[in-house]
Amino acid sequence: MMSSRRFPLLLIGAFIALYLIWGSTYLAIRIGVESWPPLLMAGIRFVVAGGLMFAWLRWRGLPNPSWQEWKAAGAIGFLLLSCGNGGVTLAEHLGVASGVAALAVATVPLFALLFGLIWGQRTTRLEWAGIALGLVGIALLNLGSNLQASPLGAALIIFAAAAWSFGSMWSKNLKLPAGPMASAVEMLAGGFALLAGSLLSGERLVAMPTVAGWSALAYLVVFGSIIAFSSYLYLLKNVRPAAATSYAYVNPVVAVLLGIGFAGEQIGMEEGMAMLVIISAVILIGLPQWREQKEQVVQPSLEGQPDEGQTRRDAA
């Protein structure tokens, strides 16, 4: 109770970062890949962001993570950032519209539910219905002109969503560095893996990026990585999974509106239908978790109020 009263602004800020900032990063990526090779841009983004965070945290006196924590955070960083974000960046470079990319990533809760079975997470009938509906949405999305024009981009965007989901679920069962140090290490590991991929794939920066390209990279470093990614990891540790992944049905709307308004993107009827179906599926999946959270909050009041001494001990 004390912590929920003490940190409401932090929670609100974290949700705003996920909903608005993360929704806008798809447009920033779209602008950035017009000037930067995709893997190089993504690698620079996370190495710079992770390096700044790591240096700042060490300067503030936080201990260097143990070797076990480095390995665990490195694995999660590779899944979330190298495979997840790297796949999105490559897909947009191949011509997938930023709004469609965000809509495909909205399937993350569906994959998270399936991967949760690995760790014994029970799935309700309502959640299975959400998964089935989400698969219909993915099929509709692939019927649209955006993904049909780029089969490789379509495969990459679905792979990115699956990798992000698996990494998110696995992270809850690993010993990671405490607090924001986990974000810093994961970004460093994921960023260096992306730079290695850029080198091995033969990417070359043939011309200096434009002002828009540099601005997009700066926005992704500060807002998309340091602020939004740290907010996501914070929420994963402090709220129910349904709440932490609720960005999945807000980001597509933000990304689609920004893509249409600032990048001239076109969303066809198939993509529009897919948006409604996928968002409905994500809501179906979230309902059982929201209900469980509500029951956990209400249950103590049914058992009687604790005495004042007990309240102080619980707060402590």
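Leu-80, leaving aside its neighbours within four places in sequence, is in contact with Asn-85, Trp-164, Gly-167, Ser-168, Phe-229 and Tyr-232, where contact means heavy atoms within 4.5 Å. This is a predicted model, in which local features need pLDDT of at least 70 and side-chain atom pairs count only at pLDDT 80 or more, while totals for chains, interfaces and linings use all residues. Residues are numbered from 1 along each chain as its sequence is written, and side-chain values use heavy atoms, with hydrogens and water left out.

Leu-80 also belongs to the largest nonpolar core, which has 78 residues, and it is listed there with Val-88, Trp-164, Phe-229 and Tyr-232 as having the most contacts inside that core. A nonpolar core is a set of buried Ala, Val, Leu, Ile, Met, Phe, Trp, Tyr and Cys residues joined through side-chain atoms within 4.5 Å, and buried means under 20% relative accessible area, with exposed over 50% and partly exposed in between (1.4 Å probe, protein chains only). Of the 316 residues in the chain, 49% are buried. The secondary structure comes to 15 helices and zero strands, these being DSSP runs numbered from the N terminus (H or I of at least four residues for helices, E of at least two for strands). Among contacts between residues at least 6 apart in sequence, 89% join residues at least 24 apart.

Trp-164 leads on to the aromatic rings. A search of the whole structure finds seven aromatic pairs, counting rings of Phe, Tyr and Trp (its six-membered ring) whose centres lie within 6.5 Å, with planes under 30 degrees apart called stacked, over 60 edge-to-face and the rest tilted. Trp-22 and Trp-164 form an edge-to-face pair, at 5.5 Å centre to centre and with 70 degrees between the planes. This pair links distant parts of the chain, since Trp-22 lies in helix 2 (residues 8–32) and Trp-164 in helix 9 (residues 151–171), 142 residues apart. Both Trp-22 and Trp-164 are buried. The rings of Tyr-219 and Phe-223, by contrast, have their centres 5.1 Å apart and their planes at 25 degrees, so that pair is stacked. Because Tyr-219 and Phe-223 are four residues apart in helix 11 (residues 211–238), about one helical turn separates them. Tyr-219 counts as partly exposed at 26% relative accessibility, and Phe-223 likewise counts as partly exposed, at 35%.

With a relative accessible area of 4%, Thr-25 is buried.

The Trp-22 and Trp-164 residues return at the largest cavity, where they lie nearest its centre together with Tyr-26, Asn-85 and Val-105, among 19 lining residues. A cavity is a set of points on a 1 Å grid over the protein atoms alone where a 1.4 Å probe fits but cannot get out, and lining residues have an atom within 4 Å of a point. About 220 Å³ of space lies in this cavity, a volume being the space filled by probe spheres set on the points, which are joined across faces, edges and corners. Helix 2, helix 3 (38–59), helix 4 (67–93), helix 9 and helix 11 each supply at least two residues of the lining.

Conventions:
On a 1 Å grid over the protein atoms alone, a cavity is a set of points where a 1.4 Å probe fits but cannot get out, and a pocket is an open set with protein on both sides within 12 Å along at least five of seven lines; lining residues have an atom within 4 Å of a point.
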